[in-house]
Every structure is written in C-alpha cells, then in structure tokens.
Amino acid sequence: MKLNLDSPVLDYVNTLLSYIVLNLLFILCCIPVITIGPAVAALYAVMLREARREYGYLYRSFLRAFREMFFQALGMSLFFVAFVLFISFSMVFWYSYGGALPMAASVLLAVLMLVTLGAGLYGFPLLARFQNTVRQTVRNAFGMTVAHAGYTVLLIGIEAAAAALFYFFPLFRVFMLAVGFVFVALCKSLILSVVFAGYESKKE
C-alpha cells in the first residue's frame, strides 16, 4: 500500500500536531508570568500569518518573534496592567463614597475599563503586525477599539466565552492545555485580519 503524503488527512494531522506543540511552547513561555505579554505577541505574529494563509515554520517563527518583540511587548503589558490597576482603584474609591456623582464617575470608569480591555486585545496583535513604537501602538489600539466597536465586542465575546468554558467545564481545560490557546488566537486573528486589512491597504 502506497502512502499518499499529499493526503488531506495527513495534512490535517500534521497541522494539528504543529498547533499542539506551539500551544505547549506558548504555555512554557508564559510560566515566568512577566513574559506573558511577549508570548502573546509572538503567538499573534504566527497566527496572523496563518489567518492570511502565509504558512511557515510555526515554532521557529514563534521563538524569533518572542525574542525580537520581547522588550516592546513587556513594556506594553506593564502599561496595561498598571492602567487596569489604576482604573480599578479609582472605581473602588469613587464607589465607596456613594451618591449620584461618585456613581456616575464609577460608571464612566467601568466604560473606560472595557475600552482598555478591548485595547489590550488589539495591542499585542498590532505590535506583531506593524512596525511602530509602543506608545503609538497603544494609541492605535485604543483608536481601533472605538472605531471598530462591533469587532471589539466580538473579540471580547470570544475571550469571555473561553474564560467561562474554562471555569465551568473541566474538559475544556484539557482542550486549552492541548491546543486551546492557539485555537482562540487563530479565531481572533481571523477577525483581526479583516480589521487590519483596511490599514494595510492605506499604508500601501
């Protein structure tokens, strides 16, 4: 019996195994915690190319992107963590006072928190896709969060759904450990590629 190396089944198995190894590599790079930002940016560098069907060596591309974007992604992650902590503290501060004005301030801060979370979902893919400073990338991330509100809601929805499934269903945790982080990043990359396409054409 002759083995067909061009078989769609073999191609699927090879892709699945590559994603599993990439998922494990991503998890290992996240273990120090402080390296989560660079690992996320590197994962998007690979998945955005996959979404555009620009296939290549997944592990090699991931490690190269992790190394090249390390300090920029680290700086961006520290900014978002600090900003989220500041907003959280401000919300608790104003909410503790009670009354109409503090409540209004709390609501505005809650909206700002959602926008910031959305900007975080755009920031690391932007860093992976476009050459820019961290400051400009963060500004672009906030701008896209508002300008593409529909896509932002969709991206947040994917994150929320993954988090809920992870929390309530133990079997989904196994999926996430096996290939889930890569799968979620690919789903979001398919959406982000649509958003980024307009900016890529303008740049050209």
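Is V33 buried or exposed? V33 is exposed, with a relative accessible area of 56%; here exposed means over 50% relative accessible area, buried under 20% and partly exposed in between, with a 1.4 Å probe and protein chains only. That residue sits in the loop between helix 1 and helix 2.

Before going on, a word on what you're looking at. This is a predicted model, where local features need pLDDT of at least 70, side-chain atom pairs count only at pLDDT 80 or more, and totals for chains, interfaces and linings use all residues. Residues are numbered from 1 along each chain as its sequence is written, and side-chain values use heavy atoms, with hydrogens and water left out.

**The overall picture**

The protein chain has 8 helices and 0 strands, giving the pattern α-α-α-α-α-α-α-α along the sequence. Helices (H or I, at least four residues) and strands (E, at least two) are DSSP runs, numbered from the N terminus. Along the principal axes, the C-alpha atoms fill a box of roughly 80 × 45 × 30 Å. Of the 204 residues in the protein chain, 38% are buried. If you take contacts (heavy atoms within 4.5 Å) between residues at least 6 apart in sequence, 74% of them join residues at least 24 apart.

**The core**

The largest nonpolar core has 43 residues, and L22, L43, M47, F62, Y122 and F196 have the most contacts inside it. Such a core is a set of buried Ala, Val, Leu, Ile, Met, Phe, Trp, Tyr and Cys residues joined through side-chain atoms within 4.5 Å. Helix 2 (36-51) is among the elements that give two or more residues to this core, and helix 2 supplies the largest share, 10 residues. Leaving aside neighbours within four places in sequence, L22 touches L43, V46, M47, L58, Y59, F62 and V182.

A41 is another helix 2 residue, and it is buried, with a relative accessible area of 0%. Over in helix 3, R64 is partly exposed, at 35% relative accessible area.

Here are two C-alpha separations involving those residues.

| Pair | Separation along the chain | C-alpha separation |
|---|---|---|
| R64 and A45 | 19 residues | 9.7 Å |
| A41 and A163 | 122 residues | 19 Å |

**Helix 5 against helix 7**

How do helix 5 (residues 100-129) and helix 7 (residues 149-168) pack, and at what angle? Their angle is about 85 degrees, with the axes 10 Å apart. Axes are lines fitted to C-alpha atoms, for helices over the stretch in contact, and angles run from 0 to 180 degrees between N-to-C directions. Helix 5 and helix 7 are therefore roughly perpendicular to each other, a label covering 65 to 115 degrees. From helix 5, L114, G118, L121 and Y122 meet Y151, T152, L155, I156 and E159 in helix 7. By class, that contact has 6 nonpolar, 2 polar and 1 charged residues.

Most residues other than glycine have a negative phi. V33, although not a glycine, has a positive phi of about 70 degrees. R53 is not a glycine either, and its phi is positive at about 60 degrees. R53 lies in the loop between helix 2 and helix 3 and is exposed, with a relative accessible area of 64%.

Notes: Angles under 35 degrees count as roughly parallel, over 145 as roughly antiparallel, 65 to 115 as roughly perpendicular and the rest as oblique. Ala, Val, Leu, Ile, Met, Phe, Trp, Tyr, Cys and Pro count as nonpolar, Asp, Glu, Lys and Arg as charged, and the others, Gly among them, as polar.
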